[in-house]
Amino acid sequence: MRGAVTRPVVAVVVAAVALSAAGCTSGLSATQGTGGYVSSNGAITVVPESERKPAPDISGPTLDAGSVSLSDFAGTVVVVNTWGSWCTECRAEAADLVEVDEQLGDEVQFLGLNIRDNETAARAYETTYGVTYPSIFDPSSSLLLEFPPELAAIAIPVTYVVDVDGRVAARILSTTSASTLMGVIEDVQGSSPGG
Amino acid sequence: MSTQDWATLSNQAVATATVIFALAWLAHLAEWAFGRQPARIPQPALVGADGAAGRPDATPSPPDRSAVSGRAGLSLTVLAFGVLLVGVVARGVAAERVPWGNMYEFATTGLLVATGVYLGLVRAYGVQWLGPLITGFCVVVLGLAFLVYVDAGPLVPALHSYWLVLHVSAAAIAGGAFAVGAAASAVYLVKARAEARDGASTGYLARLPSAAAIDKVAYRVHAFAFPIWTFAALIAGPIWAQYAWGRYWGWDPKEVWAFITWVVYASYLHARATAGWRGRAAAIVALVGFATFLFNFVGINLFGSGLHSYAGV
Amino acid sequence: MASTRSASTAPALPSGQFLRWTWRQLTSMRTALLLLLLLALAAVPGSLIPQSKVDPLAVKLFADKHPTLTPVLDRIGGFSVYSSPWFSAVYLLLMVSLVGCFVPRIAVYARAVRARPPAAPRNLERLPASASYVTDQPVPEVLDRAQRLLRAQRYRVDTDSDTTGGAVRAQRGYLREAGNLLFHVCLVVVLVGVAVGSLFGYKGGVIVTEGEGFSNTLTQYDEFSAGALFDSADLPPFRLQLDSFQADFQLDGPQRGAPRLFEARGDLVSRPGAAPVPFDLRVNHPLAIGGTSVFLIGQGYAPVITVRDGDGNVVFSGAVPFLPVDSSYISNGVVKAPDAAPEQLGFEGFFLPTAVDTADGTPVSAFPAALRPRLGLFAFHGDLGLDAGAPQSVYVLERDGLTQFTDANNKPLRMLLEPGARAQLPDGLGSISFDGLRQFVKLQISASPGTTVPLVAGVLAIGGLVVSLTLRPRRAWVRARREHGRTVVEVARLDRVSGTDLGSDVQALVRSLQGEPTTSRSS
């Protein structure tokens with residue numbers, strides 16, 4: 001009779017111990033130890049129209065000594081792309097971003113967010129890839145803090161799509177291709193009223 | 001007095017204490033040598049010519065040379081303790097901080113604790129038979145401490161914390177007590193083997209208390225030291241590590257060996273409660289535990305290169 | 001000549017009984033003892049072989065020195081001993097043994113606490129500490145006196161009586177087992193609490209150079225890891241700006257070169273829109289922002305470097321952290337200019353805070369402070385490999401697509417720059433200059449939630465431990481019976497934990513019993 005009481009208790013305690021041993025493993029997928037930055041395994045999130053939150057009005061100095069803010073482009077779909085000249089995944093998608101920018105013309109505005117970089121290296125990157133859209137120079141990623149936490153920038157590169165009403169509609173967490181980006185932009189345009 | 005004067009006083013005091021410990025050790029060795037003969041027993045009563053029992057021999061027996069040497073050794077140990085205390089305190093004044101920030105200081109403070117524990121036990125339980133081992137250990141370690149001597153000076157930034165007082169002092173106290181416990185366990189092993197062989201009725205061993213009594217002393221010392229070591233290595237250490245290095249436990253070599261020491265002493269306590277392991281096996285486990293503590297102190301500090309290498313050398 | 005053995009062996013236990021036997025063996029003291037010793041032994045290799053979580057650089061050096069041994073060790077978990085399966089097996093088995101032992105003991109103890117003290121053995125003389133005496137006092141008086149004496153010594157007392165007399169049974173030291181159980185239970189609570197807390201915690205590292213800032217988003221970290229239940233939305237959105245960093249080293253004496261002070265100053269904005277608050281970060285004094293702490297765990301130098309390409313454009317200009325290798329702060333670093341034209345440029349080299357001119361040119365730094373800074377670089381041109389998309393460490397130059405510049409003697413070109421100097425690259429492919437020097441700090445940002453429970457449990461564990469090691473449970477019995485017109489009194493004591501000398505205690509009890517005549521009875 002004694003065993004009937006103690007054995008389940010023991011089983012529970014042992015299970016707790018085993019669970020906690022399993023807890024020793026790390027779970028977050030965005031883990032990078034040696035590269036000096038955190039890269040991700042890629043995920044595309046398109047937010048349903050009813051759940052979109054307003055995008056922060058990010059603003060700051062641009063790489064060509066001007067300044068720009070997101071509200072300058074109110075009424076247009078804006079693609080905000082975070083990049084650095086040192087980041088290989090960003091370099092791999094740079095040409096695709098420029099291509100989509102040229103293809104869609106005035107329909108869509110591209111806005112870059114340059115992080116962890118120095119200005120001259122960033123400008124050299126723009127020259128290499130023929131980037132004509134403005135980029136905000138934000139070496140400490142301070143503007144990324146303002147995005148909604150559920151859609152946090154958990155790796156680089158990260159590309160946000162802001163709809164015509166200034167709300168965050170999509171997040172792409174990996175190197176993107178021209179076709180993928182086009183697809184996401186169409187999704188966002190299609191699902192926004194008056195899009 | 002300037003800090004330089006205090007530093008000089010400290011060095012002279014520690015050196016003097018080393019010499020006094022050496023003399024105490026010699027006295028204990030003499031006690032041992034003289035003790036090889038059994039203590040003089042009084043002569044039987046003389047029977048008078050008329051058959052009446054005569055009075056016992058009235059002349060006093062010659063003084064027991066062994067006991068005299070032993071008392072001299074104990075007095076010298078008390079003196080050495082006092083002088084070493086001066087040395088440790090002066091070191092603290094010279095460095096303007098607690099005197100246990102590097103290997104040299106940890107050694108002198110730890111020995112001070114070991115001697116203090118020994119003297120306290122002498123008062124409480126009469127453990128003078130630990131004298132030879134304790135004084136010998138102090139001489140050897142103090143001598144070796146001079147090899148890792150560094151001038152009194154400030155500490156590296158990682159040691160700027162009041163946890164230095166708590167964590168390291170607790171480790172030093174536990175270590176000093178472990179040393180006494182190890183000495184008692186070693187004596188126990190010798191006496192137990194002698195008792196098993198021939199009843200230990202002759203020579204110096206006969207003057208030692210029974211193996212059971214020695215075992216009792218060893219247990220009490222370990223029972224005092226183990227909770228302090230638990231606090232030092234498993235509570236204060238991790239809390240300080242979190243402030244200094246941002247993690248509670250990182251398995252660096254010193255942490256690993258502190259853990260090993262803890263586990264071995266825990267095994268000692270378990271062994272005392274397990275049939276077949278009481279007595280000699282448990283005493284051996286206690287000695288292994290002290291060996292791991294010494295390895296932690298010497299080996300890891302001098303040869304390891306983790307975050308914990310604060311030998312200062 | 002061997003004796004004949006019976007042909008049949010003992011019958012095998014049925015599986016149910018075999019499991020029970022296994023369980024009983026596992027939860028026995030002897031097994032616990034052996035597992036403890038095994039745990040100690042199993043922990044040893046992790047302190048002798050470099051561990052990847054403790055010192056990755058040492059692992060790399062070990063791999064270079066022992067190329068054949070390294071893969072073998074890697075297979076058996078030699079470089080991550082404490083998360084290896086075999087180490088985990090030992091401590092998990094120990095945990096099971098521990099839990100399986102103390103849970104029934106709790107029930108046993110609960111019953112024992114409520115029960116009467118155990119009855120006296122029939123033959124008290126057989127106990128190791130016993131005595132007896134004869135007295136004229138009547139039995140009830142003797143027993144009454146015994147009860148009062150034992151109660152005064154804090155025993156729990158009970159009496160029996162039978163036809164010939166009676167007995168007093170007493171026990172004390174009940175708290176010892178409580179302390180013992182408390183310690184072992186708290187041990188498990190601490191381990192489980194720490195493991196559960198780590199599920200929700202995170203730890204990241206980042207290098208921040210003077211003049212730069214850090215925002216707490218994953219894009220800013222150099223390395224990051226978190227527990228399985230951590231949600232990146234839980235990162236507190238703070239930003240800190242590092243204005244200055246001061247590192248002082250001992251200038252003279254035998255500890256010359258030892259670090260004395262590391263202090264980082266700047267401003268902290270705890271969330272977007274909040275006012276900046278100045279901070280002062282030192283070793284042992286982390287910043288606390290909500291549940292997250294920022295620790296200063298390292299520092300070094302970041303030379304300010306400008307690279308011009310073959311077309312004359314400035315393609316890189318900024319501070320580059322060079323990572324220190326040892327306590328003299330000789331540091332290694334890499335500069336990449338992937339947008340240099342016509343060819344990409346890469347540089348790899350060392351920084352010496354206090355350079356010493358050596359005969360053979362080996363780089364040596366004599367002191368960790370920047371008293372005579374020199375930057376030594378080897379230069380490469382070609383394809384840095386950054387455009388393909390595969391991740392590349394910012395501290396490592398991938399040389400596959402690169403050609404090294406050589407000097408006039410066809411040896412690798414080595415440029416040694418002092419602050420303000422510029423070196424031209426051969427073939428008009430550009431130049432590099434060492435403009436100035438800044439310092440960087442290595443920060444660790446981490447959150448370890450759920451530390452209250454393990455802390456409280458740890459303190460209680462020590463309390464329980466002290467109680468279990470100092471209290472000595474004891475039993476005492478006093479039996480009195482009438483024999484031949486007098487009262488025969490037998491006294492005995494039993495120490496439940498070995499190691500005490502009870503003989504004198506029994507004599508003392510006898511003397512107290514025989515002591516002054518009682519005053520409770522009126523004559």
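Student: Starting with helix H1 of chain B, what should its 32 residues span at 1.5 Å a residue?
Tutor: Helix H1 (residues 3-34) of chain B should span 46 Å, and its end C-alpha atoms are 46 Å apart, which agrees; the expected span is 1.5 Å times one less than the number of residues. Helices (H or I, at least four residues) and strands (E, at least two) are DSSP runs, numbered from the N terminus.

Student: And what are we looking at, in terms of conventions?
Tutor: This is a predicted model, in which local features need pLDDT of at least 70 and side-chain atom pairs count only at pLDDT 80 or more, while totals for chains, interfaces and linings use all residues. Residues are numbered from 1 along each chain as its sequence is written, chains are lettered from A and ligands numbered from 1 in the order in which they are written, and side-chain values use heavy atoms, with hydrogens and water left out.

Student: Which residues of H1(B) are buried?
Tutor: Among them are Ala7(B), Ser10(B), Val14(B), Ile20(B), Phe21(B), His28(B) and Glu31(B), where buried means under 20% relative accessible area, exposed over 50% and partly exposed in between (1.4 Å probe, protein chains only).

Student: What do they pack against?
Tutor: The buried residues of H1(B) pack against helix H2 (65-95), helix H3 (103-125), helix H4 (131-145) and helix H6 (203-207) of chain B. Chain B has nine helices and zero strands, and 55% of its 313 residues are buried.

Student: Where are the cis peptide bonds in chains A and C?
Tutor: In chain A, the bond from Ile156(A) to Pro157(A) is cis, with omega near 5°, and Pro157(A) is in the loop between S6 and strand S7 (158-162) of chain A. In chain C, a cis bond joins Ala341(C) and Pro342(C), with omega about 0°, and Pro342(C) lies in the loop between strand S14 (331-337) and strand S15 (344-352) of chain C.

Student: Switching to the B–C contact, how many residues does each chain give?
Tutor: Chain B gives 50 residues and chain C gives 49, with contact meaning heavy atoms within 4.5 Å. The area buried between chain B and chain C is about 4,100 Å², of which carbon and sulfur atoms give 68%; buried area is the accessible area (1.4 Å probe) that two parts lose on being put together, summed over both.

Student: Which three residues of chain B supply more of that than any other three?
Tutor: Pro157(B), Trp251(B) and His270(B), which supply 14% of the area that chain B buries against chain C.

Student: Last one: which element of chain A has the lowest mean pLDDT?
Tutor: Helix H1 (residues 2-22) of chain A has the lowest mean pLDDT (54), and strand S6 (residues 135-137) of chain A the highest (95), pLDDT being the predictor's confidence in each residue, from 0 to 100. Over residues 20-35 of chain A the pLDDT is below 50. Where pLDDT is low, the predicted coordinates should not be read in detail.
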